[in-house]
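Colleague: Before we start, please bring up the model. I would like to go through it contact by contact.

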Amino acid sequence: MADMRAFRDEVIGWAAGGPGEVASDLAVRLGVRTAVLLEGRSDLAAVETLAARRGRDLAAEGVCVVPMGGAMSVGRYADLLGPPGLGLRLAGLCDEGEQRFYDRGLERAGAPRRDFFVCVSDLEDELIRALGPAEVEEVVRAEGDIRAWQTFLHQPAQHGRPREQQLRRFLGTKKGRKIRYGRLLVEALEPEQVPAPLDDLLTSL
């Protein structure tokens with residue numbers, strides 16, 4: 001049976017220049033109504049984890065969460081999935097520094113901006129500030145990454161940097177680490193600690 005993951009894979013292939021017929025067919029068969037556009041797979045992990053914690057089955061609700069592989073792809077995805085393409089409602093997260101790409105891409109596609117929520121630096125930064133550095137380091141310790149973290153802190157480039165910045169950089173130093181910690185940091189949050197952009201996005205869906 002076709003599922004939302006298959007639709008997501010078809011959309012990513014379509015955005016990369018492949019055919020869109022299968023994605024269009026799956027959108028109808030699966031009853032897709034909303035596409036959540038995210039910059040990468042670490043954001044995807046965080047959104048899906050929070051949805052699961054709140055007892056939400058986004059796929060059953062007709063919501064597909066799509067990692068675009070970077071903010072500059074938003075115009076392409078908005079064209080394919082928004083009013084000019086499949087006509088889905090669009091929502092998502094964007095980083096403050098990349099907001100211009102979203103504004104331009106969504107305007108060109110004739111898609112509303114209201115369901116896109118802005119992270120100050122990025123979602124990892126929001127999660128680190130929400131938990132606090134000490135709690136994030138406990139998550140790192142529980143995952144068995146404490147030695148790698150301590151080695152990282154001894155690098156000259158890290159000397160004197162705020163702990164939040166060090167942690168954010170550490171999460172991006174190994175392939176797959178950001179994705180793994182996107183899930184782990186959300187799992188560590190108390191309900192009242194969920195960063196506003198992430199909370200607002202889930203509430204809007």
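Colleague: Setting aside residues up to four places away in sequence, which residues does Ala15 touch?

Modeller: This is a predicted model: local features need pLDDT of at least 70, side-chain atom pairs count only at pLDDT 80 or more, and totals for chains, interfaces and linings use all residues. Residues are numbered from 1 along each chain as its sequence is written, and side-chain values use heavy atoms, with hydrogens and water left out. Contact means heavy atoms within 4.5 Å. Outside its sequence neighbours, Ala15 touches Arg76, Tyr77 and Leu80.

Colleague: Does Ala15 count as buried or exposed?

Modeller: Helices here are DSSP runs of H or I with at least four residues, strands are runs of E with at least two, and both are numbered from the N terminus. Ala15 sits in helix α1, residues 4–15. The cut-offs are under 20% relative accessible area for buried and over 50% for exposed, with partly exposed in between (1.4 Å probe, protein chains only). Ala15 has 18% relative accessibility, so it counts as buried.

Colleague: How far apart in space are Ala15 and Asp79?

Modeller: In sequence, 64 residues separate Ala15 from Asp79. From C-alpha to C-alpha, the distance is 9.4 Å.

Colleague: At what angle do α1 and α4 pack?

Modeller: Helix α4 covers residues 74–81. Axes are lines fitted to C-alpha atoms, for helices over the stretch in contact, and angles run from 0 to 180 degrees between N-to-C directions. The axes of α1 and α4 are 10 Å apart, and the angle is about 120°.

Colleague: What is the handedness of the α1 and α4 crossing?

Modeller: The rule looks at the near helix: turned anticlockwise from the far one by less than a right angle is left-handed, clockwise is right-handed. For α1 and α4, the crossing is right-handed.

Colleague: Which residues of α4 make the contact with α1?

Modeller: On the α1 side are Phe7, Val11, Ile12, Trp14 and Ala15. On the α4 side are Arg76, Tyr77, Leu80 and Leu81.

Colleague: How many charged residues has the contact of α1 with α4?

Modeller: Ala, Val, Leu, Ile, Met, Phe, Trp, Tyr, Cys and Pro count as nonpolar; Asp, Glu, Lys and Arg as charged; the others, Gly among them, as polar. This contact has eight nonpolar residues and no polar ones. The charged count is one.

Colleague: How does α1 lie relative to α2, roughly antiparallel or roughly parallel?

Modeller: Helix α2 runs over residues 21–30, and its axis is 9 Å from that of α1, at an angle of about 150°. Angles under 35 degrees count as roughly parallel, over 145 as roughly antiparallel, 65 to 115 as roughly perpendicular and the rest as oblique. That makes α1 and α2 roughly antiparallel.

Colleague: Which residues of α2 make the contact with α1?

Modeller: The crossing of α1 with α2 is left-handed. Met4, Ala6, Phe7, Glu10, Val11 and Trp14 come from α1. From α2 come Val22, Ala23, Ser24, Leu26, Ala27 and Leu30.

Colleague: How many nonpolar residues are in the contact of α1 with α2?

Modeller: One residue there is polar and one is charged. The nonpolar number is 10.

Colleague: Which way does α7 pass α10, right-handed or left-handed?

Modeller: The axes of α7 (residues 133–142) and α10 (residues 177–188) come within 11 Å and cross at roughly 120°. That makes α7 oblique to α10. The crossing is right-handed.

Colleague: Which residues is Asp145 in contact with, leaving aside neighbours within four places in sequence?

Modeller: Asp145 lies in the loop between α7 and α8. At 10% relative accessibility, Asp145 is buried. Its contacts are Val140, Phe170, Arg177, Arg180 and Tyr181.

Colleague: What relative accessible area has Met68?

Modeller: Met68 is in the loop between β2 and α4. Beyond four places in sequence, Met68 contacts Leu37, Leu38, Glu39, Ser73, Val74, Tyr77 and Tyr102. Met68 is buried, at 6%.
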